[in-house]
Amino acid sequence: MPAWVLVVSGVALLVPWWHFEARHRDPMVDVHLLAHPAQWSIQVTALLVGMSLLGAQVPLTTYFRSDPEVNGFGFGISAAEGSLRLAVYVACLALGALTLPLTSRLLGSRGAMAAGCVVYACGYAGWLPLHDSEGKPGC
């Protein structure tokens, strides 16, 4: 219950913040731009990408560390091995972010974002056939 109180409180605090930013001559966040309907798809996309990028570490860590003999899923690997795998995941995210300008020049902005989404989706789709493989050589 306390977590929901914090969520509701945070959402309630958005109202006075929104009014403050809307009245400010030089706002830190242009809320009028955010309220424009053309921005909604961009903001929803940013929310979903943020959820998948920033929210993936906890489920991945849980899956890596879970013992398949006890839970019926997971790899049962040590914290160090799980951390190394997450480090590779984050390094791949950084590589994708760093190559976005080059990819955008080659494919255009929309094409680069679409290509990134396809690569990201393929990575997650790889979990379907490889869900019981730790990714070690020879597996």
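Buried means under 20% relative accessible area, exposed over 50%, and partly exposed in between, with a 1.4 Å probe and protein chains only. The model is predicted: local features need pLDDT of at least 70, side-chain atom pairs count only at pLDDT 80 or more, and totals for chains, interfaces and linings use all residues. Residues are numbered from 1 along each chain as its sequence is written, and side-chain values use heavy atoms, leaving out hydrogens and water.

**Exercise 1.** Classify Trp17 and Trp18 by accessibility, then describe their ring pair.

Solution. Step 1: Trp17 has a relative accessible area of 31%, so Trp17 is partly exposed. Step 2: Trp18, at 33%, is therefore partly exposed. Step 3: rings of Phe, Tyr and Trp (its six-membered ring) pair if their centres lie within 6.5 Å; planes under 30 degrees apart count as stacked, over 60 as edge-to-face and the rest as tilted. Step 4: the structure holds four aromatic pairs. In the pair of Trp17 and Trp18, the centres are 6.3 Å apart and the planes make 75 degrees, an edge-to-face arrangement.
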